[in-house]
Amino acid sequence: MRGHEVIPHGYMYQNQTEVPLQVTKNLIMRCLDYFTKALNGFDPGKAILNFPYNASNPAIEKWLTDQVLVFRTDHAQINALPHAGQKKLICGSHDPGIIDAFRKEGIHRF
């Protein structure tokens, strides 16, 4: 991968909170398996997974802590201070279709 960061999102760009937990697990594992086979040197245990739509829930997050190094989720803007064993990173971005309204709202709140 020559120093490039490769961040899996899941096998389909699916809001993981809208499908049963087992479907979510299957979509994530299918993606990680594909990346492992297709990308020389890819290691899921060293990967950061970005949830599509930054959408997750506690059950998905709990399961995922044993699958990847770290995952990104949520729509908040500020992460907790880094600490040993940290698995969850907050991601403040949105999909292209809704980013403008989100940013305007944030500026207005500020």
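The protein chain exposes about 7,400 Å². Carbon and sulfur atoms supply 57% of that area. Accessible areas here come from the Shrake-Rupley method with a 1.4 Å probe, and for residues only the protein chains shown count as cover. The model is predicted: local features need pLDDT of at least 70, side-chain atom pairs count only at pLDDT 80 or more, and totals for chains, interfaces and linings use all residues. Residues are numbered from 1 along each chain as its sequence is written, and side-chain values use heavy atoms, leaving out hydrogens and water.

Now the confidence. pLDDT is the predictor's confidence in each residue, from 0 to 100. Its mean over the protein chain is 83. A value of 70 or more is reached by 83% of the residues.

Next, the fold. The protein chain has three helices and three strands. These are DSSP runs, numbered from the N terminus: helices are H or I with at least four residues, strands E with at least two. From the N terminus the order is α-β-α-β-β-α. Among these elements, helix α1 (residues 21-38) has the highest mean pLDDT, 95. Helix α3 (residues 99-109) has the lowest, 72. Where pLDDT is low, the predicted coordinates should not be read in detail.

Then the packing. Of the 110 residues, 34% count as buried. Buried means under 20% relative accessible area, exposed over 50%, and partly exposed in between (1.4 Å probe, protein chains only). Y11 lies in the segment before α1. Y11 counts as partly exposed because its relative accessibility is 38%.
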